[in-house]
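We will go stop by stop.

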Amino acid sequence: MAPSAPPIALCGRGTVRPAADGRLFHHFRYPDTPASALVPVPPTLSPGGSCRVHPAMLPDLARLLAAADSDPAVAGQLRAISCHRSEPLQAQTFCGGIGPDGSAGFADRAWASAPPGHSEHATGYVIDFGTIDRPACHAEACFAATAAGRWLRANAARYGFEMSFPAGNRQQVKWEPWHWRWVGTATTVPGATVARTLFAPARTQFPADPAVQ
């Protein structure tokens with residue numbers, strides 16, 4: 001029998017122990033890609049230049065954007081709301097939602113935000129998409145009903161992107177129609193094997209929908 005994982009300190013409010021499969025509140029462990037290994041997304045996607053990703057995904061991302069811009073229904077609408085998030089930034093994101101009195105517990109918070117060290121964003125292979133058409137739907141379920149959200153669902157897999165957390169997923173993570181991870185259109189795409197290896201446990205146990213084959 002494999003030894004149990006050691007407890008993890010969270011938000012300065014005690015420790016929690018990962019499950020037998022290594023997940024913490026249903027989220028897999030992911031490495032934090034150093035900032036020096038990341039590059040900015042195209043400026044039309046992130047005008048402020050704050051979103052940075054792994055360079056391996058840029059060719060497919062450029063093709064996705066070109067296809068979207070050629071469709072009058074969504075041309076110029078896609079924006080990157082969040083890309084790489086370092087482990088310290090993820091700690092701020094996660095712990096900031098706990099509440100000063102601890103009234104919102106770890107498990108409840110993890111349904112909507114991964115604990116630090118367990119976010120796909122840390123890999124640099126993930127983009128949270130938004131749309132200038134309906135900014136109120138950024139990181140909200142209503143994004144799925146926007147023109148951009150519908151276009152991504154119909155087309156993103158063609159460019160190597162898949163929805164990590166579909167509606168009703170068995171991983172027991174909030175439906176996130178805006179959250180797309182890159183795994184490449186095929187294993188022959190440079191960098192795709194590395195991305196697919198990182199996401200292999202999640203892809204095997206809790207398939208994306210839509211998913212890249």
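Helices (H or I, at least four residues) and strands (E, at least two) are DSSP runs, numbered from the N terminus. This is a predicted model, where local features need pLDDT of at least 70, side-chain atom pairs count only at pLDDT 80 or more, and totals for chains, interfaces and linings use all residues. Residues are numbered from 1 along each chain as its sequence is written, and side-chain values use heavy atoms, with hydrogens and water left out.

**Whole chain.** Colour by secondary structure. The protein has 5 helices and 8 strands. Along the sequence they follow β-β-β-β-α-β-α-α-β-α-β-β-α. The C-alpha atoms fill a box of roughly 50 × 40 × 35 Å along the principal axes.

**The loop at Cys11.** Select cysteine 11, in the loop between strand S1 (8-9) and strand S2 (15-16). Its phi is positive, about 55°, although cysteine 11 is not a glycine.

**The sheet.** Select S5, S6, S8 and S7. In that order, these 4 strands form an open sheet with antiparallel pairing. Two strands pair if DSSP finds at least two bridges between them. Strand S5 (78-82) and strand S7 (161-163) are at the edges with a single partner strand each, so one side of each has no neighbour in the sheet. On average, neighbouring strands of this sheet are turned by 45° against each other, direction ignored. Axes are lines fitted to C-alpha atoms, for helices over the stretch in contact, and angles run from 0 to 180 degrees between N-to-C directions.

Zoom in on S5 and strand S6 (residues 126-131). They run antiparallel, joined by 4 bridges. Arginine 79 stands opposite glycine 130 in S6.

**Across the sheet.** H5 lies across S6, S7 and strand S8 (179-182), at about 130° to S8. Contact means heavy atoms within 4.5 Å.

Continue to proline 210, in the segment after H5. The peptide bond from aspartate 209 to proline 210 is cis, with omega near 0°.

**The largest pocket.** Which residues lie nearest its centre? Select Ser82, Arg85, Gln90, His121 and Asp128: these lie nearest the centre, among 33 lining residues. S5 and helix H2 (87-95) are the elements giving two or more residues to this lining. H2 gives the most, with 3 residues. On a 1 Å grid over the protein atoms alone, a pocket is an open set of points where a 1.4 Å probe fits, with protein on both sides within 12 Å along at least five of seven lines; lining residues have an atom within 4 Å of a point.
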